[in-house]
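Colleague: Could you take a close look at one part of this protein with me? I'm new to this, so please spell out the terms as you go.

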Amino acid sequence: MVNRSANNQAAAAREPTLHACITVTPKILTKNKACVREPIYAAKILPNPIIQEILMSMNTKHLELHSTGFEQWNEWIKNDEESSHIPWESQKIHNNLSQRVALLPTMLTWRPTIYTGIWFACFECDNEVQDHPVTMLTRFDPGGFFPLHGHPGGEEILVLQGNFADETGVYPPGSYLLNPEGFIHRPYSDNGCLSFVKLRQHGGTTRQQLKTTIQKLAWENGVIPQIQVKFLYKQIDFPEKVWIEQWQAGTALSNVVESEVKEIFVIEGIWSDELGDYPMGSWLRYPPDSPYNPSSATGCMVYVKTYPISTTRFIVESDFQHPLEANI
C-alpha cells in the first residue's frame, strides 16, 4: 500500500525552482527558398492583441529567463479553459502527420473521464489506436487516481503543476518520465496536478525507462548563442528524440526546414511563427520539408519532440497484457 502522507512530505521537501532550460539544433535551409504559408489544420490563429488579452486574463507575465520555473502554471490551472460535463469520447483528432497543426489553450475543452478525478484536454487522438488521446493534457483533481494499469506502447509524462505520484515516488513540476511497455502503476495526486502526456508512442520492450528533472540536466549550446538545449530522451535503435529548448527574448530564425516531424509544446513565454503567437499551453506540429519562421519576442521555453514521418508510431508488442485490475 502506498504511504501517500510520507510521499507528500518528501515531495514538499524537494520541490524545485527551475533556473534554466534548453534547445536542439534545427535544420536551417541554406538555399534562398521562400517560406510557404500553409493553412493551420483545424485551428484558428488569434491576432496578437487577442493573445495579449488572453495572457492578461491568465495573469501570465513575460518570461523572466532563468528564474520563473514552472510557477506560472499555478495561475494557469486556476484560470483554465472551458470544462465540460460531457464525458470524453475517442475520435480522430489531428492524426495526419503531413498536416501543420497549432492549438492554443483557449481551444481546449476539459472532458471528464470514467476515472475518479481525472480530466483530459486533447491535442491528438486516434480511436483506432486507443480510447484515450495520444497527446494531451491530463488533470488530476485533488485525490484523483487511476486504477492499476500498464501502457502498451509506453508513456511519456512532463509534470507542469502540482505533484504527480505513483508507487515509485512523488514527482514535482519539471519532472520527466518515460515509462516503457511492461511498466505498471497506479498514478494519483493527493493535491492535484497537471501534466503533458503522450501515450503509445514509445513501443518496444527494449526501451529504457527514464526518470529525471529538467533542473538536473547539463546545458548544451544550440544553433545560436540565444538558444540552449537539454536532451531528455534519445536511444540507439529508436528514432524519437525529446528535448527542452530555451529561447532568449528577441530570438528569431528564418526559413527553418525540418527533415522529420517536429512537435512543440509551450511551457513558458510565447512561441511565434509567421502564422501567429502561441502562449504557454499551446501545442504545434510542423511536418517535414515545410519552411517556417520561429521566433520569440518575450523569450520562451518549449518541449520538443522529433521523429520520422515514416515511423510506425503506435507499436504494441503482440504479447502485451494489461494487469487484471484495469484495462485502459
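Through how many residues does a hairpin join strand 19 to strand 20?

Modeller: Two residues: that is what the hairpin between strand 19 and strand 20 runs through. Before we go on, this is a predicted model, where local features need pLDDT of at least 70, side-chain atom pairs count only at pLDDT 80 or more, and totals for chains, interfaces and linings use all residues. Residues are numbered from 1 along each chain as its sequence is written, and side-chain values use heavy atoms, with hydrogens and water left out.

Now, a strand here is a DSSP run of E with at least two residues, numbered from the N terminus. Two strands pair if DSSP finds at least two bridges between them. In general, strands of a sheet pair through backbone hydrogen bonds, either parallel or antiparallel.

So who pairs with strand 19? Strand 20 (residues 276-279) does, running antiparallel to strand 19 with four bridges; there, Ile 270 has Pro 279 as its bridge partner. Strand 21 (residues 283-286) is also antiparallel to strand 19 and joined to it by four bridges, with Phe 265 opposite Trp 283. Then there's strand 23 (residues 300-307), antiparallel again, with eight bridges to strand 19.

Last, burial: "buried" means under 20% relative accessible area, "exposed" over 50%, and "partly exposed" in between (1.4 Å probe, protein chains only). In strand 19 (residues 261-273), 13 of the 13 residues are buried, so the strand is largely enclosed by the rest of the structure.
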